[in-house]
Amino acid sequence: QLQLVESGGGLVQPGGSLRLSCAVSGSTLNNYVIGWFRQAPGKGREGVSCISRSGGNTNYLGSVRGRFTISRDNAKNTVYLQMNSLRPEDTADYYCAAEISSKVLVSLCVYRPSDFGSWGQGTQVTVST
C-alpha cells in the first residue's frame, strides 16, 4: 500500500522560505503523478502544484507561480516543494497526493484533487510575524 509522509512545515516570517518533502513508500515513485495541495483554516482544499512521472512537466496555481518550485527525486522516492517569498496567505496545511492512473493530466491536476487516490497526513505551514 502506498504511503506518503510530508515534512518540512513550520513557522516562517513573510518573505521567508521553506522546503516541503513528501517521502513515498510502498511502491515505485516514478509510476505516479504527484501533486501538492493545501487547505487553509475555514477554506476548501486547493491545488498548489503537480509534477509528471518523469519530472519533465509541471503545473502551478497562479498565485504561487514564480515563488514555488516542485521537483522530484525518483531514486530517493521523494518529491519536494520549495517555497520562497512566502506570504501570510500561504498559511495552510499542505498535503502531497499521488495517482498512478492515466486519468490525471498535469495541466489540470491542480484543479482536480479528486483525481488523486493516495494522500499524506499533511504538514502545517504558518507565515506570520
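Predicted model: local features only at pLDDT ≥ 70, side-chain atom pairs only at ≥ 80, totals over all residues.
The disulfides come first. A disulfide is a covalent bond between the sulfur atoms of two cysteines. In this model, the count comes to two disulfides. One of them joins Cys22 to Cys96, with an S to S distance of 2.1 Å. Its two ends lie in distant parts of the chain. Cys22 belongs to strand S3, residues 18-25. Cys96 belongs to strand S9, residues 92-99. The link of Cys22 and Cys96 is right-handed, with 70° about the S-S bond. Both Cys22 and Cys96 are buried.

Another disulfide joins Cys50 to Cys109, and here the S to S distance is 2.1 Å. Cys50 lies in strand S5 (residues 45-51), whereas Cys109 lies in the loop between S9 and strand S10 (118-119), so this pair ties together parts that are 59 residues apart in sequence. Both Cys50 and Cys109 are buried. When the bonded cysteines of the protein chain are numbered in sequence order, the pairing reads 1-3, 2-4.

Strands of a sheet pair through backbone hydrogen bonds, either parallel or antiparallel. S3 pairs with strand S8 (residues 78-83) in the antiparallel sense, over six bridges. Within this pairing, Cys22 has Val79 of S8 as its bridge partner.

The empty space of the model was examined next. Rolling a probe the size of a water molecule over the atoms shows where empty space is left. The largest pocket has a volume of about 160 Å³. Its lining is made up of 13 residues. The closest to the pocket centre are Arg38, Ala40, Lys43, Glu46 and Glu89. By residue class, the lining of the largest pocket divides into seven charged, four polar and two nonpolar residues.

Key
Residues numbered from 1 in each chain as written. Heavy atoms only, no water. 1 Å grid on protein atoms, 1.4 Å probe; cavity = no way out; pocket = protein on both sides within 12 Å on 5 of 7 lines; lining within 4 Å. Points joined across faces, edges and corners; volume = space filled by probe spheres on them. Nonpolar A, V, L, I, M, F, W, Y, C, P; charged D, E, K, R; others polar. Disulfide = S-S within 2.5 Å. Helix = DSSP H or I, 4+ residues; strand = E, 2+ residues; numbered from the N terminus. Buried < 20%, exposed > 50% of the residue type's maximum accessible area, 1.4 Å probe, protein only. Pairing = 2+ DSSP bridges.
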